[in-house]
2 protein chains.
Amino acid sequence: MNNEICRMLGCEFPLFAFSHCRDVVAEVSKAGGFGVLGGSSFTPETLEEELTWLDEHIDGKPYGVDILIPENMGDLASDVSIEELQSMVPGAQRRFTVDLLRTYGIEVPEDELVQAELPGIIGDVGEQLMDVAFRHPIKMIANALGIAPPSMISRAREHSVPVGALVGAKEHAIRQVNAGVDFLVAQGTEAAGHCGEVSTLVLVPEVIDAIKDIRPVPVLAAGGIMNGRQMAGCMAMGAQGAWTGTIWLATPEAETSEAIREKMVAASSRDTIRSTARTGKPSRQLHSAWHDAWHGPDSPGTLPMPMMSMLALPSFERIDRAVENGNEKAHDLVSYWVGQGVGLVGSVKSCRTIMHEFKEEFGDSVISMNDVLGI
Amino acid sequence: MNNEICRMLGCEFPLFAFSHCRDVVAEVSKAGGFGVLGGSSFTPETLEEELTWLDEHIDGKPYGVDILIPENMGDLASDVSIEELQSMVPGAQRRFTVDLLRTYGIEVPEDELVQAELPGIIGDVGEQLMDVAFRHPIKMIANALGIAPPSMISRAREHSVPVGALVGAKEHAIRQVNAGVDFLVAQGTEAAGHCGEVSTLVLVPEVIDAIKDIRPVPVLAAGGIMNGRQMAGCMAMGAQGAWTGTIWLATPEAETSEAIREKMVAASSRDTIRSTARTGKPSRQLHSAWHDAWHGPDSPGTLPMPMMSMLALPSFERIDRAVENGNEKAHDLVSYWVGQGVGLVGSVKSCRTIMHEFKEEFGDSVISMNDVLGI
């Protein structure tokens, strides 16, 4: 397609696929889209492996990396140790988790319930992930939460790599553009994961308008986009492309378990919840018994980032494993980050099929608009 | 335009303007759109006046009426009297309101604070409003909340008037289509007034998909739509037109006070709240000190419909009057039903200008889509 973001990032069809799974990234880029690997779930060593694999399998097509470097981690020292973080997960929340899992037939000792490795978003792990990323021929780097740190922008400049930033409010868009990013992803409240309160339909034109007299960088639309007609709709509003996540979770290539994919196919758009019960910040997830418990009357309250993740991550590993091992009760707890668009998932499809359908639907949509206008 | 909804309702440009103000309805219809008068704020007598005025001023163009007949009013008897309803507004909430208004310099005796007339949504007032509506050459009738009552559908059939229904979830869409409505308005969570939790971008394709094998009636998009590019975007997703409300509140023709229009121009999309503190059901409004108080730690809790409105309506009349009389403190309480699209209101414009801009932006949007595809 003939627009600025395609020229900037070297892709043919401005459909961006955010995924934690290298296979999704490779398939999307090879089909003319732009795969973005979510880097924060990796250690520097495993990210090195993933990017090496990508370089060998992506046929020279462009791809990017998304790293989550929170702007504000409260009072946490940057050199905080894993032991210190563990000690900040209070007994009440540990016991509540043990009891909750037990109710669903999952037995875990209290001391095995808290993450044993330093989360990727702490200290200089973000810088180490960037060290890795910039050793590879990435064509884009993005920060998923808060303002892109100055080091990301300066290092990206050195490597001539465009920088993107996800924003959930126009005020954030203005700050990001002033900080020097090359493009924005306006992500509506319907999106999976960390999201704000404003819908994609409102946020996209609001962001475009807010930055037009500062520096009119390309804006991608994110949140709820599951097909080519919606992508066309967002571009009709002025977005230069679509940034997607949830749709790729319902593919055989994705990292999701079968239980999650089944729940996704069965879900309607009302089966998500924007909750602090997974990372400590509001993030949109498949609504499950986990959230009912944490937001129920007996809850000790959710914890701030990163302590909530340190408790939730090992818990969800146990939940998924329990379901795989035939514990049907545990099915009620299964959850993952999905957007409201989950209501549009009718079946599990390959990445290649999804890419093909997006392009067809996009074309059909433009033709139908011409028809209605009699062009 | 050449589509089913334009043929069904006899309009040229499928932009629907919901308004409580007859001037807005007339201006929009005369400019090729379709004005819809919100009927539930009127008595049968005043609705008769409004529709007579419209018939004299709308130059024979089509218009419709929207009546709010809630499907479920809990345990309320249909022949409940105004005295009985008044007695159901507890002392705690009356005193809380008196104290809240007093804090902002507005003195009201407790016994003057509760609505003195039967609300339009109670008993057979809805039927009486329909009696009035069907005496006029209306081209459409809609029910704004819950399933369209059988009497609305049968009476509309007798008069050959198409029936529309607003839905906020695909399950409601299926029920409405099974009940016999002629078209749907899929209204996202970003909309003003009573709304669900699913965004317009997700709800529109979800509703279209959910009804396509039952009876594929036309679906209009509602919620957040403030300009012609967004309208084009929604139609690119498969909607047959756009149903709008908030944009018409920032016009000189509207019923809104100057204080509300000023607040609208200043607001961002994050300045709304979906709250029970105005009607008793969740409805989206301009966030003000009123909501902070009712959802704050000292609140006695909001009341169910219609009791909350019976307290809020007279309160907001006093608030608006106080502001008009120079009480600057009361400005903090000012609120009205607006959607998240309020963040896209840059200035107050006439209805005629808005209609003109919508059409221009719509055309520009389709052209830009062709450009990007190289058509």
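What is the handedness of the crossing of α8(A) and α9(A)? That crossing is right-handed. Keep in mind that this is a predicted model.

**The α8/α9 pair in chain A**

Helix α8 of chain A covers residues 170-179, and helix α9 of chain A covers residues 200-211. Their axes come within 9 Å and cross at roughly 40 degrees. Since angles under 35 degrees count as roughly parallel, that angle makes α8(A) oblique to α9(A). On the α8(A) side, the residues at the meeting point are K170(A), A173(A), I174(A) and V177(A). Facing them from α9(A) are L203(A), E206(A), V207(A), A210(A) and I211(A).

Now step past α8 to V181(A), which sits in the loop between α8 and β6 (183-187) of chain A. Is V181(A) buried or exposed? With a relative accessibility of 0%, V181(A) counts as buried. Setting aside neighbours within four places in sequence, V181(A) touches A148(A), I153(A), V163(A), A165(A), Q176(A), R215(A) and V217(A). There's also a C-alpha to C-alpha distance to quote: V181(A) and A156(A) are 9.9 Å apart in space and 25 residues apart in sequence.

Over in chain B, helix α3 (residues 44-57) packs with helix α6 (residues 125-134). Here are the two helix pairs together.

| Helix pair | Axis distance | Angle |
|---|---|---|
| α8(A) and α9(A) | within 9 Å | roughly 40 degrees |
| α3(B) and α6(B) | 9 Å | about 20 degrees |

That angle makes α3(B) roughly parallel to α6(B), and the crossing of these two helices is right-handed. From α3(B), the contact uses P44(B), L47(B), E48(B) and L51(B). From α6(B), it uses Q128(B), L129(B), V132(B) and A133(B).

**Rings in chain B**

Time for the aromatics. How many aromatic pairs does a search of the whole structure find? Over all chains, it finds 16. One worth a look is F96(B) with W294(B): the ring centres are 4.8 Å apart and the planes sit at 70 degrees, so the pair is edge-to-face. F96(B) belongs to helix α5 (residues 91-103) of chain B and W294(B) to helix α12 (residues 289-294) of chain B, so this pair ties together parts that are 198 residues apart in sequence. Both partners count as buried: F96(B) has 16% relative accessibility, and W294(B) has a relative accessible area of 2%.

W294(B) also pairs with W290(B), with the centres 5.7 Å apart and the planes at 50 degrees, so this pair is tilted. Why are W290(B) and W294(B) separated by about one helical turn? Because they are four residues apart in helix α12 of chain B. W290(B) is buried as well, at 0% relative accessibility.

**Rings and charges in chain A**

Chain A has an aromatic cluster of its own, formed by F16(A), F34(A), F183(A) and W243(A). Then there are rings with a charged residue over the face. R278(A) lies over the face of W337(A), 4.4 Å from the ring centre. K359(A) does likewise over the face of F13(A), at 6.0 Å from the ring centre.

Key. Residues are numbered from 1 along each chain as its sequence is written. Chains are lettered from A and ligands numbered from 1 in the order in which they are written. This is a predicted model: local features need pLDDT of at least 70, side-chain atom pairs count only at pLDDT 80 or more; totals for chains, interfaces and linings use all residues. Side-chain values use heavy atoms; hydrogens and water are left out. Rings of Phe, Tyr and Trp (its six-membered ring) pair if their centres lie within 6.5 Å; planes under 30 degrees apart count as stacked, over 60 as edge-to-face and the rest as tilted. Buried means under 20% relative accessible area, exposed over 50%, partly exposed in between (1.4 Å probe, protein chains only). A charge sits over a ring if NZ of Lys or CZ of Arg is within 6 Å of the ring centre and within 35 degrees of the ring normal. Axes are lines fitted to C-alpha atoms, for helices over the stretch in contact, and angles run from 0 to 180 degrees between N-to-C directions. Angles under 35 degrees count as roughly parallel, over 145 as roughly antiparallel, 65 to 115 as roughly perpendicular and the rest as oblique. A crossing is left-handed if the near helix is turned anticlockwise from the far one by less than a right angle, and right-handed if clockwise. Contact means heavy atoms within 4.5 Å.
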